[in-house]
Every structure is written in C-alpha cells, then in structure tokens.
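This report goes through selected local features of a single structure. The sequence and the model are shown first.

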Amino acid sequence: MLNKAASAKLPVTKFFRRGLFSFLCLLLISCSRAPGVYYEQFLGFGTLIEVKIWGVDEKTGRQAVAAITDDINYMHQTWHAWKPGGLSRINELLSTGETFTLSPSILPLIRDGARLAELSGDRFNPAIGQLIKLWGFAADELPKGPPPDKEAIQRLVDQKPVMRDLVLDGVQLKSTNPAVRLDFGAFAKGYAVDLAIEHLKEMGIANAIVNAGGNLRTIGKHGERAWRVGIRNPRGEGVLGSVDTFADESIVTSGDYERYYEYQGKRYHHILDPHSGYPAQGVTSVTVFDSEAGRADAASTAIFIAGVDKWYEVAKAMGVGGVMVVAADGTIYMTPNLKERIYFDIKPIPQVIYSEPLN
Ligand code: ADP
Ligand code: MG
C-alpha cells in the first residue's frame with residue numbers, strides 16, 4: 001500500500017522479519033521451482049510483490065517482470081499520499097479550495113475511488129488522508145503508540161471529509177471541504193495489480209499470478225490445473241485455507257495484522273473507521289473475490305469496517321463476486337458461492353455462517 005512505501009527501504013533483515021509474517025494474506029502455494037513456472041519477487045508499494053508466469057522461457061519471464069517492476073515503481077511514487085510526487089502535490093492544493101489541474105495518471109484513482117467510496121457508504125474513504133496521517137499509518141515506520149489524542153481524532157472526524165467534496169471537471173479539480181486529503185492506501189495496490197495483469201496480457205502472457213501483499217490476481221492456469229492460492233490465517237502462522245482460482249480472478253485480503261502496534265495490551269491497526277476515527281473492531285480479516293483487484297481492494301477495506309452486522313450489505317452494494325469475513329471470535333461469515341471452493345487448512349475447522357447469495 002502507499003503508506004508501506006518505505007519498507008522498500010527498510011533494512012533487509014527487518015523486512016524479512018516482517019516478511020516472514022507477511023508472507024502475505026495470500027501465500028502462493030504452488031512451488032516456485034515447479035517446472036514450467038517462472039517466479040520472481042521484488043519490493044514495490046513497500047511490500048513483497050510476487051509474480052509467477054507459467055509456460056514461458058526464462059528470458060521472456062525476466063523481461064515481463066522487469067516491465068511490470070518499472071510500472072509499479074512509477075505508480076508507487078506517483079500515488080504516494082505524502083512523499084513528493086503527483087498525489088502529495090494534489091494534497092497540498094486541495095487545502096486551498098482553488099481549482100487546479102490534475103496529473104492525468106491520478107485521475108482514474110480519484111474517479112474510481114470516488115465511485116467505490118460512494119457504493120461503500122463512505123466506509124472506504126480515501127478522503128481521510130489526514131486521519132491516517134494522524135494515526136501514523138502514512139509513515140514508513142510503524143508508530144509505537146500511544147494512540148493519538150482523542151480530541152484531535154474527533155476534530156478530523158467532525159470535518160467529515162468525503163470524496164463527494166471533490167469537484168472534478170475534466171482534469172480540473174478542487175475541494176469544497178478543506179479537510180480532504182487523499183490516501184489511496186486501501187485501493188492502489190489492487191489497482192496496480194490490475195494494470196500489471198493488463199500489461200502482462202499485452203506482452204502476450206496468458207498464464208500468471210501477480211500478488212502485491214495480499215492483493216492478488218490470476219490469469220489462465222498453471223499448466224493443466226488451476227492456480228492455487230492460500231489465504232493467510234489472521235491469527236497465527238500459515239494459511240487458513242486455500243482455493244483454486246478461476247481463469248481470471250482477483251482475491252484480495254485486508255487484515256488487522258498487516259500494520260499495527262500494541263499499546264497497553266490493545267491492538268491499534270491500520271484500517272480506520274471514518275465514522276469513529278478509530279481502527280475498526282470486530283473483524284480480523286476480509287477476503288474478497290472479484291474480477292477486478294482494484295474493486296476487491298477497496299471492498300475488502302470497506303467490508304472490514306462494516307463488520308459482522310453490515311458486511312453482506314456492503315458487499316452487495318459494491319458488486320463484488322464473493323466474500324469471506326473472519327470475525328474476531330474466529331467465526332467465519334461467507335457467501336455461499338465459496339462453500340465448495342475454500343479448503344480449510346486449520347484445525348479445528350472453523351464455524352462458518354453462510355449468507356444469502358450476492359446475486
Ligand atoms: P492492506 O493494505 O493491508 O491490504 P487495506 O487495503 O485495507 O489493507 O488498506 C489499508 C490502508 O488504507 C491503510 O494503511 C490506510 O493507508 C488506508 N485506509 C485506512 N482506513 C481507510 C478507510 N476507511 N478508507 C480508505 N482508506 C483507508
Ligand atoms: Mg483494501
């Protein structure tokens with residue numbers, strides 16, 4: 001995500017200490033040395049990006065990954081909320097209330113981000129950049145606590161920044177609410193995975209996985225069989241379960257284990273409920289299945305915030321294909337279309353409560 005940017009610059013040891021854990025919401029299960037698979041990993045968006053391509057020679061694989069590495073480095077820099085680049089300039093200008101010209105590479109994030117925010121009932125709310133910064137989740141290093149001052153949080157919540165405050169006319173933008181600052185940390189990695197997959201397709205690659213820190217999309221197959229991916233256990237090591245993906249499918253997980261700190265025995269994580277101003281409670285991870293990784297990324301964050309009571313409503317409104325919610329008490333809530341698809345690896349097998357179908 002954007003605000004994990006810096007782990008790209010973390011010392012290697014530190015990265016791997018975290019990396020061990022963050023073998024990410026989604027672990028690629030199939031063996032990296034399996035015949036026919038070209039595998040590479042690199043750091044991007046401050047997280048581990050894994051690419052697997054089936055059925056190409058090494059030269060083709062290397063060239064393809066080099067191309068998407070360049071894409072991702074560019075996107076990371078351009079879309080970072082506070083580091084000098086396209087978006088940080090926008091954030092400075094938004095506070096003025098004046099109209100200014102956007103850099104076109106940010107336009108789709110703003111346009112699609114606004115649409116998805118609306119559908120999510122502003123749970124996914126990229127306009128709360130100031131709140132994310134106040135909590136310290138926009139910085140490279142994780143904050144250590146204590147949590148921010150209660151009044152400071154409330155002041156930002158009361159200003160109610162939302163994407164509807166933005167007035168977009170072509171590439172001209174202004175904000176009618178001076179509190180709006182954009183942070184696409186909950187959306188950009190998924191969106192970047194979509195663009196990376198598009199680029200791979202343009203290069204003639206038909207069978208691949210791109211996984212950016214738990215934001216994953218697959219195309220084609222692994223030879224004769226489907227690609228198989230693991231979904232991280234939000235509590236404890238390893239995987240909760242695994243799933244064979246469809247030919248073109250995105251599987252995106254948001255969890256409270258990705259970025260958090262503990263202070264006086266309480267966990268403060270990076271998914272903030274815009275209504276309370278505090279980390280959302282009641283859920284430990286949400287996995288969204290969809291055709292697009294960008295939408296799945298925004299939805300995984302929104303559904304996490306919606307919690308066990310409202311998750312289905314938000315999933316339906318956002319139009320995603322399937323959802324699995326792991327509640328804080330270990331209960332799993334799931335759409336029925338995933339029943340035959342997810343194989344649980346943990347014992348005892350968790351209790352699953354199925355919802356109505358999404359469509
Ligand atoms: P991850 O990046 O771990 O997969 P998310 O996709 O849920 O998790 O993104 C979390 C990031 O999104 C935070 O680090 C922050 O930058 C941003 N964020 C936090 N809360 C919200 C929210 N309610 N709406 C939009 N973005 C958010
Ligand atoms: Mg997300």
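Which helices each supply at least two residues of the lining of the second largest pocket? In this predicted model, the helices that do so are α5 (129-135) and α6 (150-158).

## The second largest pocket

The space in the second largest pocket amounts to about 230 Å³. Its lining is made up of 16 residues, and those closest to the pocket centre are Asn125, Val157, Lys160, Pro161 and Pro274. With three residues, α5 gives the most to this lining.

Lys160, one of the residues closest to the centre of the pocket, sits in the loop between α6 and β5. Its phi is near 45°, a positive value in a residue that is not glycine. Lys160 is exposed, at a relative accessible area of 60%.

Leu134 is part of helix α5. Apart from neighbours within four places in sequence, Leu134 has contacts with Pro148, Ala152, Ile153 and Leu156. Between Leu134 and Ala152, which are 18 residues apart along the chain, the C-alpha separation is 8.3 Å. Leu134 counts as partly exposed, with 33% relative accessibility.

The loop between α5 and α6 contains Pro146. The peptide bond that joins Gly145 to Pro146 is cis, with omega at about 5°.

## The magnesium site

Which protein atoms are the donors of the magnesium ion (ligand 2)? They are Ala186 (O), Asp297 (O), Asp297 (OD) and Thr301 (OG1), at 2.1 to 2.6 Å from the ion. Along the sequence, the spacing of the donor residues is A-x110-D-x3-T.

Ala186 belongs to the loop between β6 and α7 (188-202), while Thr301 belongs to helix α8 (residues 293-318), so this pair ties together parts that lie 115 residues apart in sequence. Are these two residues buried or exposed? Ala186 is partly exposed, with a relative accessible area of 21%. Thr301 is buried, at 10% relative accessibility; the cut-off for buried is under 20%.

## Nonpolar cores

The largest nonpolar core holds 70 residues, and Leu182 and Ile303 have the most contacts inside it. Helix α8 provides the largest share of this core, 13 residues. Ile303 touches Val286, Val288, Trp311, Val314, Ala315, Val323 and Val325, when residues up to four places away in sequence are not counted.

There is also a second, separate core, with 16 residues. Ile231, Ile251, Val326 and Ile342 are among them. In soluble globular proteins, nonpolar side chains tend to be buried together.

## The sheet of β4, β6 and β5

An open sheet is formed by three strands in the order β4-β6-β5, with antiparallel pairing. Why is one side of β4 and of β5 left without a neighbour in the sheet? β4 (100-101) and β5 (166-169) stand at the edges and each has a single partner strand, so one side of each has no neighbour in the sheet.

Four bridges pair β5 with strand β6 (residues 172-175) in the antiparallel sense. In this pairing, Val167 is opposite Lys174 in β6.

## Strand β11 and its partners

Seven of the eight residues of strand β11 (residues 248-255) are buried, so the rest of the structure largely encloses this strand. How many bridges join β11 to strand β8 (residues 215-219)? There are five, and the two strands run antiparallel. Thr218 has Glu249 as its bridge partner in β11.

β11 also pairs with strand β14 (residues 283-290), in the antiparallel sense and over six bridges. Here Ser250 stands opposite Asp290 in β14.

## Further backbone features

A cis peptide bond also runs from Lys347 to Pro348, where omega is near -10°. Pro348 is located in the loop between β17 (342-344) and β18 (352-354).

Gln264, which is not a glycine, has a positive phi of about 45°. Its place is the loop between β12 (260-263) and β13 (266-269), and Gln264 is exposed, with a relative accessible area of 70%. Most residues other than glycine have a negative phi, and most peptide bonds are trans.

Terms used. Residues are numbered from 1 along each chain as its sequence is written. Chains are lettered from A and ligands numbered from 1 in the order in which they are written. This is a predicted model: local features need pLDDT of at least 70, side-chain atom pairs count only at pLDDT 80 or more; totals for chains, interfaces and linings use all residues. Side-chain values use heavy atoms; hydrogens and water are left out. Two strands pair if DSSP finds at least two bridges between them. Donors are N, O and S atoms within 2.8 Å of the metal (3.2 Å for Na, K and Ca); water is not among the atoms, so sites may look incomplete. Buried means under 20% relative accessible area, exposed over 50%, partly exposed in between (1.4 Å probe, protein chains only). A nonpolar core is a set of buried Ala, Val, Leu, Ile, Met, Phe, Trp, Tyr and Cys residues joined through side-chain atoms within 4.5 Å. Contact means heavy atoms within 4.5 Å. On a 1 Å grid over the protein atoms alone, a cavity is a set of points where a 1.4 Å probe fits but cannot get out, and a pocket is an open set with protein on both sides within 12 Å along at least five of seven lines; lining residues have an atom within 4 Å of a point. Grid points are joined across faces, edges and corners, and a volume is the space filled by probe spheres set on the points.
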